[in-house]
Amino acid sequence: TSYAARWLPYQTGIYFKEHARYAEAEAFFQQSLRIIEQVFGPDHPDVANSLDWLAILYNEQGKYTEAEPLYRRALLIYEQELGPDDQLVAYPLNGLANLYYEQGKYVEAEPLYQRALHIREQALGPDDPEVAYLLNGLAILYREQGKDAEAESLYLRALHIWEQALGSDHSNTQTVVRNYAILLREMGREAEASELEARFPSS
């Protein structure tokens with residue numbers, strides 16, 4: 001099977017997913033998964049990657065029952081084939097954490113976010129922009145749990161990373177500013193929230 005035959009369905013699935021054409025995306029992701037399993041076997045990291053994308057697609061549609069076993073299989077493959085601390089392990093961990101968060105299962109989500117964050121920090125360094133994604137996600141979870149001090153610390157870290165790496169106008173920076181301002185207002189710190197928003201005006 002040629003490289004194009006293996007990866008064209010995968011790339012096409014991503015295209016349809018990004019355009020919210022979920023039925024078409026699902027068909028192409030499933031086709032890609034079948035081809036890659038046939039070429040590389042059921043336990044290859046490329047199979048885990050395809051499983052992860054299909055799980056993300058289901059998760060976006062609220063199909064949690066379908067998504068969870070795909071995330072778990074992808075996680076198992078990465079752990080067994082690449083080791084438990086490989087950077088790729090963070091992807092299904094984060095996916096599972098998001099899945100549990102969206103179902104209100106905060107206790108289940110928290111250790112998954114924490115482990116994914118630790119892996120990414122070790123692999124990329126504490127100030128990498130990819131680390132900030134997980135800081136922001138874990139901060140949102142802490143805010144939902146009423147862990148305001150922990151959430152604030154993570155928002156500040158994510159804000160610093162994205163501001164330095166991407167600039168104050170970038171959408172990621174603006175996202176964490178909005179999230180942090182919500183937390184500040186919930187804590188009764190209106191003046192600080194307004195000052196933050198004035199410092200990072202949205203375009």
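Starting at the N terminus, the elements of this chain read α-α-α-α-α-α-α-α-α-α. That comes to 10 helices and 0 strands, where helices (H or I, at least four residues) and strands (E, at least two) are DSSP runs numbered from the N terminus. What you have here is a predicted model, in which local features need pLDDT of at least 70 and side-chain atom pairs count only at pLDDT 80 or more, while totals for chains, interfaces and linings use all residues. Residues are numbered from 1 along each chain as its sequence is written, and side-chain values use heavy atoms, with hydrogens and water left out.

**The whole chain**

The C-alpha trace spans about 60 × 35 × 30 Å along its principal axes. Of the 203 residues, 43% count as buried; buried means under 20% relative accessible area, exposed means over 50%, and partly exposed is in between (1.4 Å probe, protein chains only). Now take contacts (heavy atoms within 4.5 Å). Among those between residues at least 6 apart in sequence, 55% join residues at least 24 apart.

Helix 9 covers residues 171-186, and its 16 residues should span 22 Å at 1.5 Å a residue; the end C-alpha atoms are 23 Å apart, so the two agree. The expected span is 1.5 Å times one less than the number of residues. Its buried residues are Asn172, Thr173, Gln174, Val176, Val177, Asn179, Tyr180, Ala181, Leu183 and Leu184. These pack against helix 7 (129-144), helix 8 (148-166) and helix 10 (190-199). After helix 9 comes Gly188, with a positive phi near 80°.

How do helix 9 and helix 10 cross? Their axes come within 8 Å, at roughly 165°. That makes helix 9 roughly antiparallel to helix 10. The crossing is left-handed. On the helix 9 side, the contact is made by Val177, Tyr180, Ala181, Leu184 and Arg185, and on the helix 10 side by Glu190, Glu192, Ala193, Ser194, Leu196 and Glu197. Sorted by type, the residues of this contact are 6 nonpolar, 1 polar and 4 charged.

A few notes on those terms. Axes are lines fitted to C-alpha atoms, for helices over the stretch in contact, with angles from 0 to 180 degrees between N-to-C directions. Under 35 degrees counts as roughly parallel, over 145 as roughly antiparallel, 65 to 115 as roughly perpendicular and the rest as oblique. Left-handed means the near helix is turned anticlockwise from the far one by less than a right angle, right-handed if clockwise. Ala, Val, Leu, Ile, Met, Phe, Trp, Tyr, Cys and Pro count as nonpolar, Asp, Glu, Lys and Arg as charged, and the others, Gly among them, as polar.

| Residue | Relative accessibility | Class |
|---|---|---|
| Lys17 | 12% | buried |
| Ser50 | 2% | buried |
| Ala149 | 57% | exposed |

Lys17 sits in helix 1 (residues 3-18). Leaving out residues up to four places away in sequence, Lys17 touches Tyr22, Ala25, Phe29, Trp53, Ile56, Leu57 and Glu60.

Ser50 belongs to helix 3 (residues 45-60). With residues up to four places away in sequence again left out, Ser50 touches Tyr10, Ser32, Leu33 and Ile36. Phe40 is 10 residues from Ser50 along the chain, and their C-alpha atoms are separated by 12 Å.

Ala149 is part of helix 8. Its C-alpha atom and that of Glu121, 28 residues apart along the chain, are separated by 21 Å.
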